[in-house]
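Here is a friendly walk through one model, with its packing and its charged pairs in view. Have the sequence and coordinates at hand as you read.

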Amino acid sequence: METKICELELKVLYEISRLIGQVLNLDQALETILGILSESLSMKRATVTLKDDETGHLIICASHGLSPTEKKRGVYRQDEGVTGLIFQTAEPFVVPDISREPLFLNKTRSRRIEKDRISFLGVPIKLQAAPIGVLSVDRLFGDEVSFEEDIRFLSIVATLVAQFVSINRQVKAREESLRKENISLRAELSERYGHFFMVARSRSMAGVQEMIKKVAPSKASVLLLGESGTGKTLIARIIHELSNRAKLPFVKVNCTSLPENLLESELFGYEKGAFTGASRAKIGRIEEAVGGTIFLDEIGELSLALQAKLLRFLQEREFERLGGTRTIKVDARIIAATNRDLSKAVTEGLFREDLYYRLNVFPIQVPPLRERAEDIPFLLEHFIEKISREYGRRFRITPQAMEVLTLYDWPGNVREMENLIERLAILVDGNEMDLRDFPPHMHSRERLSPLEGSDSLSRLEEMEKKEVVAALERNRWIQSRAARELGLTLRQMGYRIKKFGLDDLLDKRRRRSAGMRERQ
């Protein structure tokens, strides 16, 4: 008899352990466990009652042998009935005959005692020694098995149930953490995306925004062209977030950050034994981006050998890891960026022509900051507000400094501007950023007076050109005022502007000054 019971118990525990894969659907898994107890042993009704974190009540979350209505009635206070007693004491409890136990409330009204006596057994469900619920069963009264054996076995089952609950809660907590992190990242991206275009007033950036919206939903490869610091990485991220791949990985690789031999293994991965020190296989960044987007920054710096391997991936969406022979297929969108003139690199034999055409399916030219002067004051204000929040101080730029910064060419583009504002926030003693706080090269007279084509001018003409440019600068590039200051007629001033080739410079400075006046 004892052997037979042990065999039954082992069978039940084995069947329960096989349900671990259903732990994400906790209620259904617990219902199945109770069903196994009923089918394998002499247990008619069974319930799993767990503490509700919001109300503190004990609520039946899984049952066997109860109708939905009866199950719904199973709500107990922690100090109520046998269930509450088991929960509070964290000790098993046996009711040999429920008809003679005043603590047994029969709240579910599922038990109608007729000629047979019904025994009720309950054990606590504990996590880290603290009760989280109660496992209870009804058993037809019989002498063939002792209550001690029943309690021993039910306690083992309760331990398994506790592990199911624990795993389920950990998974849900992880999901909630990831959900909040995702919301946070999306909010951050949304904020950065919004500011990236909200502060833009130029027609060229409006064009970039329109191209992003058009290409994002497609599968096309994108080539971002432009100087360093113009925001190409952010644009790549925006394209990914606006695509149907947004919930999948966005993987960034800087093609200048590693030497060629390491970059190949970084991109495509390697097999165990591929080289000295390769003690195990490693997937590459392209495999990490499966289903999502891989952003290859500074792609113009790739060696010709790596260009050939990348070309094959673009054509076939397949590759082999370093040292491997197995072909791996990966669906990942390619977005590349470079500050080089790739068409010129093709002509010089430094970049493969076929790869260039594969990448250049949808090129987006990101304009440098000097070509969208009307955006400069708005970007400065944006970075001032951002640094003010971070440092807890309200900074401002003086009008004189704002004028100089608006006329500055910003060779490092938006990245240079952001770094400058943060540096000044550290250096200045008060809240005001003035002209004296900026590096000398940003407001030197020589920078504002370029002498293009000066080789063809005499020294006297060079001096005259400098005076004309200086007068225009002092008068905010208003031609009539500069002419008046120099004692020239408007016609004479126009002649000198044409003679010295200042038309483009005058037009550029006018736009910047106009943008600054509108901002003020």
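## Salt bridges and cores

Helices here are DSSP runs of H or I with at least four residues, strands are runs of E with at least two, and both are numbered from the N terminus. This is a predicted model, in which local features need pLDDT of at least 70 and side-chain atom pairs count only at pLDDT 80 or more, while totals for chains, interfaces and linings use all residues. Residues are numbered from 1 along each chain as its sequence is written, and side-chain values use heavy atoms, with hydrogens and water left out.

The two residues form a salt bridge, with the closest N and O atoms of Glu149 and Arg152 2.7 Å apart. The term means a side-chain nitrogen of Lys or Arg within 4 Å of a carboxyl oxygen of Asp or Glu. In general, side chains of opposite charge can pair when their charged atoms come close. Across the whole structure, the search finds 21 salt bridges, including these:

| Salt bridge | N to O distance |
|---|---|
| Glu149 and Arg152 | 2.7 Å |
| Arg370 and Glu227 | 2.4 Å |
| Glu318 and Lys329 | 2.8 Å |

How exposed is the helix pair? Glu149 counts as partly exposed because its relative accessibility is 22%, and Arg152 is also partly exposed, at 40%. For these labels, buried means under 20% relative accessible area, exposed over 50%, and partly exposed in between, with a 1.4 Å probe and protein chains only.

Next come Arg370 and Glu227, which form a salt bridge with the closest N and O atoms 2.4 Å apart. This pair links distant parts of the chain, 143 residues apart: Arg370 is in the loop between strand S13 (362-365) and helix H13 (376-391), and Glu227 is in the loop between S7 and helix H7 (232-241). Arg370 is partly exposed at 24%, and Glu227 is partly exposed at 25%.

Glu318 lies in strand S10 (residues 318-320) and Lys329 in strand S11 (residues 327-329), so the bridge ties together parts that are eleven residues apart in sequence. Glu318 is buried, with a relative accessible area of 15%, whereas Lys329 is exposed, at 60%. Both take part in a network of salt bridges that links Arg312, Glu318, Glu320 and Lys329.

Now for the nonpolar side. A nonpolar core is a set of buried Ala, Val, Leu, Ile, Met, Phe, Trp, Tyr and Cys residues joined through side-chain atoms within 4.5 Å. The largest has 34 residues, and Val48, Ile125 and Leu135 have the most contacts inside it. Among the elements that give it two or more residues are helix H1 (2-17), strand S1 (43-51) and strand S6 (130-140). H5 gives the most, with nine residues. Setting aside neighbours within four places in sequence, Leu135 is in contact (heavy atoms within 4.5 Å) with residues including Leu34, Thr47, Val48 and Leu154. Apart from this core lies another, of 32 residues, among them Leu263, Ile286, Leu296 and Ala345.

Finally, Ser63 lies in strand S2 and is buried, with a relative accessible area of 6%. Beyond its close sequence neighbours (within four places), Ser63 is in contact with Glu31, Leu34, Ala46, Thr47 and Lys71.
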